[in-house]
Amino acid sequence: MNATGIDGYRDYLARRDGDADLLNRRLASREDFFGWLEADPVRSKHRIDPHAFAQNLRRRRPEPGVDRRMLFLLATAKLNQAERFGVGLGETYGNNSGDDVPPERVYMELEEHYHTRLLAYVLDIFGLPFQVVPPPFVMRQFVKTAVFLPERTSFMFVGASEMAGCIMFHELRRIGVELFADEPEVAARIDRLYSEILTDEVGHVGYCAARCTSAERAVMRRLYPRIGRLFARQTFEISLLTDRDELRGMLDRPFDVEELTAGLPTETFLAAHP
Ligand SMILES: [Fe+2]
Ligand SMILES: [Fe+2]
């Protein structure tokens with residue numbers, strides 16, 4: 001239990017996720033978690049118009065007058081599409097598979113698959129179906145850059161994106177809980193689903209940082225606020241949901257793992273601080 005760095009992260013992943021099955025894209029413990037979710041479904045009483053949702057999902061910017069609850073669900077769905085696009089591409093190209101690839105990479109890829117499912121479950125609370133929509137052009141190019149960079153350079157780039165992702169998930173979790181505070185079960189379920197993702201993403205940040213030299217970690221820290229602002233602009237609903245100066249302030253402060261992981265119900269692990 002006292003292993004640190006990448007060795008510690010490997011132990012942690014085995015503890016958190018159980019056996020990894022790449023062929024069937026399964027992590028044993030995650031399946032247990034989903035079994036628990038499905039056995040105890042939560043339904044919101046708020047009516048979200050599925051047509052308006054589907055229409056806005058395909059728009060770069062939401063129609064005027066869309067309320068904050070709809071904005072939150074759109075942001076959830078759109079972030080999901082960017083993740084799905086990147087994970088699918090990396091998987092198609094076999095980036096995390098092979099005898100020369102360390103075991104944690106399979107775990108990380110499978111965790112990312114589960115993020116698509118976790119975010120889809122947020123939509124499911126409102127009876128909204130999961131749909132496949134390509135992320136906007138700039139996001140697609142961004143994701144491709146991250147997936148196709150040579151491995152050495154990719155850690156600081158992907159690491160900075162994972163850091164930015166942590167902030168987005170942290171913010172959406174907070175906002176979702178606030179928006180549905182009138183339905184405590186719904187708020188609790190949103191909190192739980194987003195917490196699972198945040199727990200994984202903090203682990204990914206630590207892993208990327210551990211694979212970087214200290215000079216590369218400095219680049220990672222410099223890239224991170226820029227990528228964070230890009231994510232917020234590209235998923236425009238996030239810009240509408242958050243206070244611009246507050247989000248900027250958060251991205252410009254040093255990355256604070258304590259703050260991000262405070263109150264998470266799950267054990268987190270940071271192999272190295274970025
Ligand atoms: Fe993810
Ligand atoms: Fe990640």
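**View 1. Helix 7 (residues 151-179) packs against helix 11 (residues 244-252) at an angle of about 140°, their axes lying 11 Å apart.** Welcome to this predicted model, in which local features need pLDDT of at least 70, side-chain atom pairs count only at pLDDT 80 or more, and totals for chains, interfaces and linings use all residues. Residues are numbered from 1 along each chain as its sequence is written, chains are lettered from A and ligands numbered from 1 in the order in which they are written, and side-chain values use heavy atoms, leaving out hydrogens and water. Helices (H or I, at least four residues) and strands (E, at least two) are DSSP runs numbered from the N terminus. Axes are lines fitted to C-alpha atoms, for helices over the stretch in contact, with angles from 0 to 180 degrees between N-to-C directions. Helix 7 and helix 11 are therefore oblique to each other (under 35 degrees is roughly parallel, over 145 roughly antiparallel, 65 to 115 roughly perpendicular, and the rest oblique).

**View 2. Here is where helix 7 touches helix 11.** Ile167, His170 and Glu171 of helix 7 meet Leu247, Met250 and Leu251 of helix 11 (contact means heavy atoms within 4.5 Å). Among the residues of this contact, 4 are nonpolar, 1 is polar and 1 is charged (Ala, Val, Leu, Ile, Met, Phe, Trp, Tyr, Cys and Pro count as nonpolar, Asp, Glu, Lys and Arg as charged, and the others, Gly among them, as polar).

**View 3. Meet the iron ion (ligand 2) and its donors.** Glu112 (OE), Glu162 (OE), Glu162 (OE), Glu201 (OE) and His204 (ND1) coordinate the iron ion (ligand 2) at 1.9 to 2.7 Å. Donors are N, O and S atoms within 2.8 Å of the metal (3.2 Å for Na, K and Ca), and sites may look incomplete because water is not among the atoms. Glu112 lies in helix 5 (residues 103-124) and His204 in helix 8 (residues 184-211), so this pair ties together parts that are 92 residues apart in sequence. Glu112 and His204 are buried (under 20% relative accessible area; exposed is over 50% and partly exposed in between, with a 1.4 Å probe and protein chains only).

**View 4. Now look at the iron ion (ligand 1).** Its donors are Glu83 (OE), Glu83 (OE), Glu112 (OE), His115 (ND1) and Glu201 (OE), at 1.9 to 2.8 Å. Glu112 bridges the iron ion (ligand 1) and the iron ion (ligand 2), which lie 3.7 Å apart. His115 in helix 5 and Glu201 in helix 8 tie together parts 86 residues apart in sequence, and both His115 and Glu201 are buried.
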